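Subject: Handing over the structure, with notes on what was found

Dear colleague,

I am passing on the structure we spoke of, together with its sequence, and I would be glad if you could look through both before reading my notes below.

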Amino acid sequence: MLHYNNSQPQSTIVPLRKLPIIRTKFTSSEDQKLMNLVNIMGTNNWDQIASILKTRTSRQCRDRYYHYLSPDLNKKQFTPEEDVILEMKVIELGKCWKTLESFFPGRTEVSIRNRWNVLQRKRVKLIKKQISLMTAVKGKYSKKSKEIVSTNEESSSMESCDSESTEFEDSEPYLNVDWFDLADEFENSIQPEEEFMCEYMF
């Protein structure tokens, strides 16, 4: 186990500006070293922890611990009740993930944001399923209407048939909208899940 000596000369601390900045995921080895250092040095010495770890900045170490390694984190699946609260709070407060942390004990802004994106993807799938059903109904409805028009042609003039056809088309304008394109556009606007410290340079 690592031992930290408070009397350690300052010359052994690597200046943070010289630390290489790595933007990939933390390895299991780095996580273990980070946990050992936090257990020894506490959560108020991130500069010194980073200088010993050598491969990460102090902010990367701090955020990795608080967002992924802290024993205080709630890593269980979001409950249906939490999903409802999340939907309501986003409507009320917007996508202020840091602010929303106060409503979800043990959850981080990263996990809350990722859960929101998962819910939006599920909503897109449901919309597409409903569109498929609507399209199928439209096909049957159009076929039936053609049969009715064909029957009417035998007993009425062409002008009357054109009038009925126009009335039918105008009564269901939403059936002519390309709902799949709208659903795809909405799905593309959803941000992918991401690991907080791995995509950015600090």
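This is a predicted model: local features need pLDDT of at least 70, side-chain atom pairs count only at pLDDT 80 or more; totals for chains, interfaces and linings use all residues.

Among the contacts in the protein chain with a separation of 6 or more, 68% are between residues 24 or more positions apart.

Helix 1, which runs over residues 28-41, has 14 residues and spans 20 Å from its first C-alpha to its last, close to the 20 Å expected at 1.5 Å a residue. Its buried residues are E30, D31, L34, L37, V38 and M41, and because they cover an arc of only 130° around the axis, they lie on the same side of helix 1. On the other side of this helix, S28 and N39 are exposed. The cover over the buried residues of helix 1 includes helix 2 (46-53) and helix 3 (58-69). Just after helix 1 comes G42, which takes a positive phi of about 85°. Another positive phi, near 75°, is found at K54, a residue other than glycine, which lies in the loop between helix 2 and helix 3 and is partly exposed, with a relative accessible area of 45%.

Side chains of opposite charge can pair when their charged atoms come close, and the structure holds 10 salt bridges. In one of them the side chains of D31 and R64 meet at 2.9 Å, N to O; this pair links distant parts of the chain, with D31 in helix 1 and R64 in helix 3, 33 residues apart. Both D31 and R64 are buried. A further salt bridge joins the side chains of D83 and R115 at 2.7 Å, N to O, and since D83 lies in helix 4 and R115 in helix 6 (residues 109-153), the pair ties together parts that are 32 residues apart in sequence. D83 counts as buried at 14% relative accessibility, and R115 counts as buried at 12%. R123 likewise forms a salt bridge with E87, their closest N and O atoms being 3.0 Å apart, and this pair links R123 in helix 6 with E87 in helix 4, 36 residues apart. R123 is partly exposed, with a relative accessible area of 31%. There is also a network of salt bridges that links R59, R62 and D63.

Helix 4 also contains E82, which is buried, with a relative accessible area of 13%; leaving aside residues up to four places away in sequence, E82 touches N74, Q77, F104 and R107. I85 is found in helix 4 (residues 80-93) as well, and I85 is partly exposed at a relative accessible area of 34%. Together with L93 and F103, I85 forms a nonpolar patch on the surface, with about 220 Å² of accessible area together.

Note on methods: Residues are numbered from 1 along each chain as its sequence is written. Side-chain values use heavy atoms; hydrogens and water are left out. Helices (H or I, at least four residues) and strands (E, at least two) are DSSP runs, numbered from the N terminus. The expected span of a helix is 1.5 Å times one less than its number of residues. Buried means under 20% relative accessible area, exposed over 50%, partly exposed in between (1.4 Å probe, protein chains only). The arc is that of the directions from the helix axis to the C-beta atoms. Contact means heavy atoms within 4.5 Å. Patches are made of residues with over 30% relative accessible area and no salt bridge: like charges are joined within 9 Å, nonpolar side chains (Val, Leu, Ile, Met, Phe, Trp, Tyr) within 5 Å. Accessible areas come from the Shrake-Rupley method with a 1.4 Å probe; for residues, only the protein chains shown count as cover. A salt bridge is a side-chain nitrogen of Lys or Arg within 4 Å of a carboxyl oxygen of Asp or Glu.
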